[in-house]
Amino acid sequence: MAKYIFLQDYSLEISEQYSRLLSQHIENLPYTLSFPIYQATQKIKTEQYGAAMNHVLDFFEISVQYASILLFFILKQKTTNNTTHKALCSVVNKIDNKRPLSFGDWVNDLFIPLLTTASIELPEHPFVKSMRMHVCSKHGNILLGGKKEASIVQIRNEYKGHSTTLSEEIYRGVLYTLEERVMKMLNGLSALSDYQFYAIDETGTAWNLKSIETKALPSVPQHLHSPSPLHYYVYREGPNDQTEITDLFPLIFLNPQRHVYVFQSLKDENASYISSNENAITYISDALNEEIDTCFQNIIPSFDISKELNWEELKTCMTKESMGFMKRIYKEKKYNQELFVDRERLTSTLYQFWESDKTLFPLLGEAGQGKTSQLCYWTEKLLEQKKAVLIFNGADFSNYTLEQKIKALFGYNYKKPIARLLTSLHEKAEQNKAYVYFFFDAINECLHYYDSDGQEEGPLHLYRSIRQLLVQEKFPRFKVLFTCRFYTWKNLIQRHCTTDATYIYHAGDEEDLAIRNFTDTEIKQAYHIYQRLYQMTTSYEHIDKKILIRLKDPLILKFASSNYLGKSLSESAIDYTSLSLFNKMLCDIRNSYAGNLQYDIISCIGDYLLNKYMKGFPVSTISTESLKEAYHETDSALYDLSRKIYKKDGISIAYAELLNKAERPILRETERIIDNSPVNEITFVYERFFEFIMARSFIKFQRKKGMEKSKPIPAEAYLEALDQATVNVVFIGTIRNALVIDCLETQNYSTLLELTALHGDNYIVMQLLTEVMNMLIRENYENELFCLIDKMLSEKIANGNELISQLNSINKKIESNQANEEVIANYKLLSQKLAPVIRLRKLASVSTINGILLTDYFNENLYKNDALKFL
């Protein structure tokens, strides 16, 4: 039998040439490279083509890794210029950041860049020269293949370790296609024939690792000066008696069983090695981490397998993240330092929280009250003081989990446990007697928490993640603060976090944890700022008290300033309700440059987003990519909007006006990172305005069903909406606005009264009604309020007085323990009959009248009507 069997039909001359090549290299290459190819030749003889193919692919893989490591150390040893350093840095960064490395990574990102750099810096080096000539020449790369042949990486991925055993004939075909490339790889490695390969075992014995048979040497070769145990040396005699000795440790080493291991990849905090020895298994350990760190730190000083950042590095990561947040907030016009007025009471409470042993601070408030601005102000102050602060946007957690975000910003491996990172962060904060401040803006805007099964609402899921990861007894130096709307906190989160009271900061009064209207001092300061910038001619001293109370609402001040830019303020208090201000802004927009189209864009966005809510998919944004895709799709729900926003040469004038008016912020484009790619989305700047626009859309949709404008929208429409849609704080605000607008336009309260009387036992309906009454109180709809209270208190049912008398009599029996089954049954029956009246009177008295008595309007005697007459 011939010494070697070839699968392709070569001439006798070529066959003999290849046979000599195999013999020479099996004899002269290091064991690590010679043994796999030797094994392959033996398996081919016995027609074990599947096993032979695996050995050939192992040969390519370990050859690439071995050659890359040798090139790495040769470059590191022989050159020091910027080009080489840049290439070595790129290799170390790849090894560090891609855990684990694939064979494709080794080929494309390590071997080829190292060989390219070596070809430039050391063109006459024999190993570089041979690899460049036979493996990566100008005429082609045997590893990458070409148009007619697959790459080695592709072949390996398709056939090696195949889950199903294929026929030997198929494996033979793979070997057939690889045969000539094996010969080219051997030619590329041919320069190694002039090298000697040594390693020192734990006893100090030197081993010759050339060929397929390793041999112990009688003594350590003289040219190895003070060799170290387990180290692997490559030795070559150069011209003019110059020798080249390269120590490839710790990327190649000899283990105690005398198996040579070659570095494969980092895996989490361990290093993975493979060996050609058939008795050796993959070696994964952290035993050589310190040596690997030392090796790579010569290239990149900050390299660390375990990714344990020091305190300054951790702060740098946090500062970068928070500054990026602030840059985005400024771009989106959500915070303007020039218009900001610090809520000193809140800042004082914040400092008390920092001094306390509590670690969780819920900052509550309605939309537009300045929660984001206050949080941004505190963030800037902490950044100025070089404190460790992280600030996040609640809405962003629809795109990734809190765990993923924290790992990513610290460059932490995604497979490692987050507890280890947070424990290390806290330990380093403690060592430096510092705190880490975590700020979460608007957790109520997290409509869908990333990777959630949908069983839990987004804000609650995000809160639980914050609580689970950051708020723990062992983390007293983590100070966590989040902002949230009252509705979401009270109706969704608070009832699920009763066990968290030990961590939550309580200042003794919920008001101290809430951001509400400006104080007298703050509104004076704020108005002077807005008056100067918006050039309003009305002086602070001439503002009516009723109007001034409305201007204490920061969003109302903002919209009033926009509406009366360069003018005197209206003297009518009714013009300062949010509905009036929003309506005026829409009218002003419609009468401005490209106004009708601006108005249509706003309406189209409202219609689309409301439709999503009604179908159970609550969203507050529209991606620009979806809009652009819809530009030519006439059947798309976004087609009309896309045509209004985009033109062939860019965006429309109308859309640009809505985006770029600093004095009248309506829309903004935000950038989110989804699956590591930036995605631009359109959304309204202010949530309360968004709720107003969707309310208009809701009314429009109802009127399209044939309802007369003079008649109120029936209660069934609201009940259907609450039943179909995803009900959150924004949707409740939308339906509340729609109900109030409809009542005002029709001057008919029958729907509101019907919802209260007949459906007030429905929890969601009652939430809606409470929001309606609060809005009427807060925004001083005095005439409508007193008229409504009168209707609620005067509503009667047939034989009402007699039924009430009977109920009172039964109550006395129950109180005196005289109740039997008949008494209880009568009590339930009477309660059911009286329920509509009770609900109306309860809403009027407990909620509404009490609310009126707590207002500034009542306390400053600004009501024309007497609220006490209802008591």
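**Note on a predicted model: sheet, turns and salt bridges**

1. The model is a predicted one, in which local features need pLDDT of at least 70 and side-chain atom pairs count only at pLDDT 80 or more, whereas totals for chains, interfaces and linings use all residues. Residues are numbered from 1 along each chain as its sequence is written, and side-chain values use heavy atoms, with hydrogens and water left out.

2. Strand S4 (residues 206–208) is joined to strand S3 by three bridges, and the two run antiparallel. Helices (H or I, at least four residues) and strands (E, at least two) are DSSP runs numbered from the N terminus, and two strands pair if DSSP finds at least two bridges between them. S3 and S4 form a hairpin with five residues between them, and in its turn Gly204 has a positive phi of about 95 degrees.

3. Strand S3 covers residues 195–200, of which five of the six are buried; buried means under 20% relative accessible area, exposed over 50%, and partly exposed in between (1.4 Å probe, protein chains only). S3 also pairs with strand S6 (residues 232–237), in the antiparallel sense and over five bridges, and within this pairing the bridge partner of Tyr198 is Tyr233 in S6.

4. At the S5 end, S4 and S5 pair in the antiparallel sense over two bridges, and Trp207 has Ala216 in S5 as its bridge partner.

5. Some backbone geometry deserves a second look, since most residues other than glycine have a negative phi, and most peptide bonds are trans. The peptide bond from Arg99 to Pro100 is cis, with omega near 0 degrees, and Pro100 is placed in the loop between helix H4 (82–97) and helix H5 (103–121). Phe249 and Pro250 are likewise joined by a cis peptide bond, with omega about 10 degrees, and here Pro250 lies in the loop between S7 and strand S8 (252–254).

6. Lys433, although it is not a glycine, has a positive phi of about 50 degrees; it belongs to the loop between H14 and strand S14 (436–441) and counts as exposed at 72% relative accessibility. Ala594 has a phi near 55 degrees, again a positive value in a residue other than glycine. Ala594 is found in the loop between helix H20 (578–590) and helix H21 (595–614), where at 30% relative accessibility it counts as partly exposed.

7. The structure holds 30 salt bridges, each being a side-chain nitrogen of Lys or Arg within 4 Å of a carboxyl oxygen of Asp or Glu. In one of them the side chains of Lys94 and Asp105 meet at 3.9 Å, N to O. Because Lys94 lies in helix H4 and Asp105 in helix H5, the pair ties together parts that are 11 residues apart in sequence. Lys94 is partly exposed, at 24%, while Asp105 is buried, at 8%.

8. A second salt bridge, at 2.4 Å from N to O, brings together the side chains of Asp520 and Lys552. This pair links distant parts of the chain, 32 residues apart, with Asp520 in helix H17 (residues 520–534) and Lys552 in the loop between helix H18 (545–551) and helix H19 (554–563). Asp520 is exposed, with a relative accessible area of 52%, whereas Lys552 counts as buried at 8%.

9. The side chains of Arg703 and Asp742 also meet in a salt bridge, at 2.6 Å from N to O. Arg703 lies in helix H25 (residues 687–703) and Asp742 in helix H27 (residues 729–746), so the pair ties together parts that are 39 residues apart in sequence. Arg703 counts as buried at 15% relative accessibility, and Asp742 is buried at 2%. Elsewhere, a network of salt bridges links Glu366, Arg485, Glu687, Glu691, Arg736 and Glu771.

10. A last point concerns Thr423, which lies in helix H14 (residues 418–431) and counts as partly exposed at 25% relative accessibility. The C-alpha atoms of Thr423 and Lys474 are separated by 8.5 Å, with the two residues 51 apart along the chain.
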